Amino acid sequence: MAVKTWVVVRTFNRKEMEVSTFLHQNGLPHFIPMTYHEKVMSAGEKPKKVLVPVIHNYIFLEKTMDAVQLRSKLSECRVPVHLMCDKDKQRITEIRDSDMVEFRLLCDPDYARTPSDFLDAEEAEALPGKEVEIVHGPFTGLHGKLHKKNQKYWFVKTVGGVSVMLRISRWYCKVLDK
């Protein structure tokens with residue numbers, strides 16, 4: 001049985017929702033980190049909470065076919081897209097399903113957060129911190145990095161070039177031995 005993995009699809013000019021429609025129509029499982037944002041729908045009306053992408057131009061796609069088939073299928077999309085590759089551009093960057101499960105849990109739009117809780121991977125890697133596992137609370141079992149900023153502790157999880165950061169008590173974390 002093949003191990004389930006995910007890939008990162010990048011698009012341009014805030015077209016992730018159009019790409020999402022294409023992927024949905026083609027039966028390709030995918031994930032876009034979303035958050036609630038208040039939006040005025042018409043003049044004189046109260047703002048409504050609507051889901052909007054947190055990180056523009058990134059879509060996480062479950063890899064259900066080989067790279068050649070995947071590229072061929074994505075070429076059918078009318079919005080330009082490309083698959084993120086490793087540094088030498090030889091292989092598509094793949095994300096383990098277990099990491100995506102954790103990332104999706106941390107990106108739950110019903111969990112109160114602000115868009116500033118998302119970083120790019122380089123920013124997250126530059127943050128000092130120790131590798132930890134959360135041992136208490138709703139995120140028990142998640143692995144990431146614990147970072148201290150302004151006397152507060154933050155749990156940082158990086159997946160596919162994107163990092164999510166959430167406030168957490170250091171007492172909820174156990175430092176992992178490398």
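Reader: Is Asn57 buried or exposed?

Author: In this predicted model, Asn57 is buried, with a relative accessible area of 16%, where buried means under 20% relative accessible area, exposed means over 50%, and partly exposed lies in between (1.4 Å probe, protein chains only). Because the model is predicted, local features need pLDDT of at least 70 and side-chain atom pairs count only at pLDDT 80 or more, while totals for chains, interfaces and linings use all residues. Residues are numbered from 1 along each chain as its sequence is written, and side-chain values use heavy atoms, with hydrogens and water left out.

Reader: Where is Asn57 found, and what does Asn57 touch?

Author: Asn57 sits in the loop between strand 4 (48-53) and strand 5, with strands (E, at least two residues) and helices (H or I, at least four) taken as DSSP runs numbered from the N terminus. Leaving aside residues up to four places away in sequence, Asn57 touches Val9, Arg10, Thr11, Phe12, Asn13, Arg14, Lys15 and Glu16, a contact being heavy atoms within 4.5 Å.

Reader: How many residues of strand 5 are buried?

Author: Five of the five residues of strand 5 are buried. Tyr58, Phe60 and Glu62 lie on one side and Ile59 and Leu61 on the other, and both faces are covered. In a regular strand the side chains alternate between the two faces of the sheet.

Reader: Which strands pair with strand 5?

Author: Strand 1 runs antiparallel to strand 5 and is joined to it by five bridges, two strands counting as paired if DSSP finds at least two bridges between them. Within that pairing, Val9 stands opposite Ile59. Strand 2 (residues 30-31) also pairs with strand 5 in the antiparallel sense, over two bridges, and there His30 has Leu61 as its bridge partner.

Reader: Changing topic, how many salt bridges are there?

Author: The whole structure holds ten salt bridges, each being a side-chain nitrogen of Lys or Arg within 4 Å of a carboxyl oxygen of Asp or Glu. One of them joins Lys4 to Glu62, with the closest N and O atoms 3.8 Å apart. Lys4 lies in the segment before strand 1 (5-11) and Glu62 in strand 5 (residues 58-62), so this pair ties together parts that are 58 residues apart in sequence.

Reader: Which residue does Lys157 bridge to?

Author: Lys157 forms a salt bridge with Glu102, and their closest N and O atoms are 2.6 Å apart. That pair links distant parts of the chain, since Lys157 is in strand 11 (residues 152-159) and Glu102 in helix 3 (residues 97-106), 55 residues apart. Salt bridges that share partners join Arg96, Asp99, Glu102 and Lys157 into one network, and both Lys157 and Glu102 are buried.

Reader: What lines the second largest pocket?

Author: Lys157 turns up again there, as the lining consists of Ala124, Glu125, Glu131, His143, Gly144, Lys145, Val156, Lys157, Thr158 and Leu176. On a 1 Å grid over the protein atoms alone, a pocket is an open set of points where a 1.4 Å probe fits, with protein on both sides within 12 Å along at least five of seven lines, and lining residues have an atom within 4 Å of a point. Helix 4, strand 10 (143-149) and strand 11 each give two or more residues to this lining.
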